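Subject: Structure for your attention, with notes on its pockets

Dear colleague,

Please read the notes with the structure open beside them.

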Amino acid sequence: MNVNEIGEFIGALLILTGGFASVISAFGLIRLPDVYTRSHAATKSSTLAVLLTLLGTFLYFLFSQQIFSVRLLLGIIFVFLTAPVAGHLIVRAAYRSKVKLADISTEDELFEVLYKEEKEKENEVEIEEDKEVEVVDEIEIAKENDGISDKS
Amino acid sequence: MIETMITISLVLFTITICIAVLRIILGPSMPDRVIALDMIGVNLIAMIAVVSIMLNTAAFFEVILILGILSFIGTIAFSKSIERRVIIERKRDR
């Protein structure tokens, strides 16, 4: 077993590891409860998978055909730069378009930062609605009392 | 040995893409579908690299670069379209 065969084997091993990481990220994509947790699985571990695969391909071609492929290195750098940016942008768009969080999530701190004014308005509206409901209740109670007094 | 490992990894990437297609069909919201599409693009890049090993040629490496760029631009366009309902803004004031 000479050096080239060992290099090819390492490349194939990296590719196999990338395949397993990719399947793990796919299970995360199908099983996690909402879009924010799913984006963790989809962007991070998927990037790791494709980086491992491209690195394995690079090593394989370096050792089997003595090709130092600059294009593959450029592809690695490009994927490594763009995949997190794309994930961040799509999750930001998801939050701004008001996709619901999962039911088990406990706290949403960004909501108060982004929608503080709207939340205050909603609270005021709710308070006014409560007042109206109380007034309506009083009127109904008065009507009922009138009805009782009429009957008596 | 190496042939077997590469074939197994190709099958694994195929399984991943099938699961992502399932998420596109199921996905309750639009960003879910876009995330799954992005993942399909990234996995296609890896699949093309593996196929170029199987065919023993270096001719497909440009495809990797161009597919990466197209997938990135597609995701950006989708996210802008979801966030602001427009993709190309004529007057950008913020």
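The second largest pocket of this predicted model is lined by Tyr36(A), Ser39(A), His40(A), Thr43(A), Lys44(A), Thr47(A), Pro84(A), Gly87(A), His88(A) and Val91(A). Two elements of chain A, α2 (35–64) and α3, each give two or more residues to this lining, and α2(A) provides the largest share of it, with six residues. Sorted by class, the lining of the second largest pocket holds three nonpolar residues, six polar ones and one charged one, and the volume of this pocket comes to about 180 Å³.

The largest pocket, for its part, has a volume of about 210 Å³, and its lining is made up of Tyr36(A), His88(A), Val91(A), Arg92(A), Tyr95(A), Arg96(A), Leu101(A), Glu107(A), Asp108(A), Leu110(A) and Leu114(A). Here the elements that supply at least two residues each are α3 (70–96) and α4 (109–114) of chain A, with α3(A) giving the most, namely five residues. By class, this lining of the largest pocket consists of six nonpolar, one polar and four charged residues.

With best wishes

How values were computed. Residues are numbered from 1 along each chain as its sequence is written. Chains are lettered from A and ligands numbered from 1 in the order in which they are written. This is a predicted model: local features need pLDDT of at least 70, side-chain atom pairs count only at pLDDT 80 or more; totals for chains, interfaces and linings use all residues. Side-chain values use heavy atoms; hydrogens and water are left out. On a 1 Å grid over the protein atoms alone, a cavity is a set of points where a 1.4 Å probe fits but cannot get out, and a pocket is an open set with protein on both sides within 12 Å along at least five of seven lines; lining residues have an atom within 4 Å of a point. Grid points are joined across faces, edges and corners, and a volume is the space filled by probe spheres set on the points. Helices (H or I, at least four residues) and strands (E, at least two) are DSSP runs, numbered from the N terminus. Ala, Val, Leu, Ile, Met, Phe, Trp, Tyr, Cys and Pro count as nonpolar, Asp, Glu, Lys and Arg as charged, and the others, Gly among them, as polar.
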